[in-house]
Amino acid sequence: MTRITTLGFDADDTLWHNERFFRLTQQHFANLLADYTDKDTLMARLLEAERRNLGQYGFGIKGFVLSMIETAIEVTEERVPASVIAQLLAAGQDMLRHPIELLPDVEATIAVLAPSHKLVLITKGDLLDQERKLAQSGLGEMFDAVEIVSHKTPQAYAGIFARHGDGAEAALMVGNSMRSDVIPPILAGGWGVYVPHGLVWEIEYAEPPLTHPRYRSLPSLGALPDLLGWIDGC
């Protein structure tokens, strides 16, 4: 079996907390629109808007805020008060300023693997926001490369692992999204390792490829060095 030389890491909810800030803002959104519709209906309409807008806005907080505003206009039949729009914009600005909190085992695991592997951060979302979070995380100097992409496709992973390593066959991607971090790198010829976070955005859900020989699931990022030792020993 080919030795793993390049490790790709997702950022949000793999290295640091992220989804919980979206959930808190969604609750605030539901409270603001409570006089117009119930929470379940509002969340379903918001998810529809997010799916619809991904091609235009991409992933990240700014697209999320625009989708909330669009949903608010729709469910109120264009009667949403300007004060509600202002509060949604303020909530988005708060999200863009939230401090970075690393997940357990992240810093120690990255420090252990950096001397022996090429590390690449591979993430989606707004360029400025992702750069801010990486800078605040204190992990930036440990990565050999950073790739902020619009979509995590097999073709995108193949290109990244060719540019920053020995190709997909000698690469492993780890993340909390089955749809974006696990299945596409496997289809590109690499390994896909799932580290569940607990909060999953519906758009990122996919069934795990349980029978694929290059798929693994770990309880935490701290188990990654042992997995790499096993792979390299085969």
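Modeller: Leaving aside neighbours within four places in sequence, H197 is in contact (heavy atoms within 4.5 Å) with D13, H17, L103 and N176. This is a predicted model, in which local features need pLDDT of at least 70 and side-chain atom pairs count only at pLDDT 80 or more, while totals for chains, interfaces and linings use all residues. Residues are numbered from 1 along each chain as its sequence is written, and side-chain values use heavy atoms, with hydrogens and water left out.

H197 sits in the loop between β5 (191-194) and β6 (215-217); strands here are DSSP runs of E, at least two residues, and helices are runs of H or I, at least four, both numbered from the N terminus. Its side chain makes a polar contact of 3.3 Å with that of D13 and another, of 3.4 Å, with that of H17. A polar contact is a pair of N or O atoms within 3.5 Å, one able to donate a hydrogen and the other to accept it; residues adjacent in sequence count only if both atoms are side-chain atoms.

A cavity is a set of points, on a 1 Å grid over the protein atoms alone, where a 1.4 Å probe fits but cannot get out; lining residues have an atom within 4 Å of a point. The largest cavity holds about 510 Å³, the space filled by probe spheres set on the points, which are joined across faces, edges and corners. Its lining has 34 residues, with D12, N18, F59, W201 and E204 nearest the centre.

Key. 1 Å grid on protein atoms, 1.4 Å probe; cavity = no way out; pocket = protein on both sides within 12 Å on 5 of 7 lines; lining within 4 Å.
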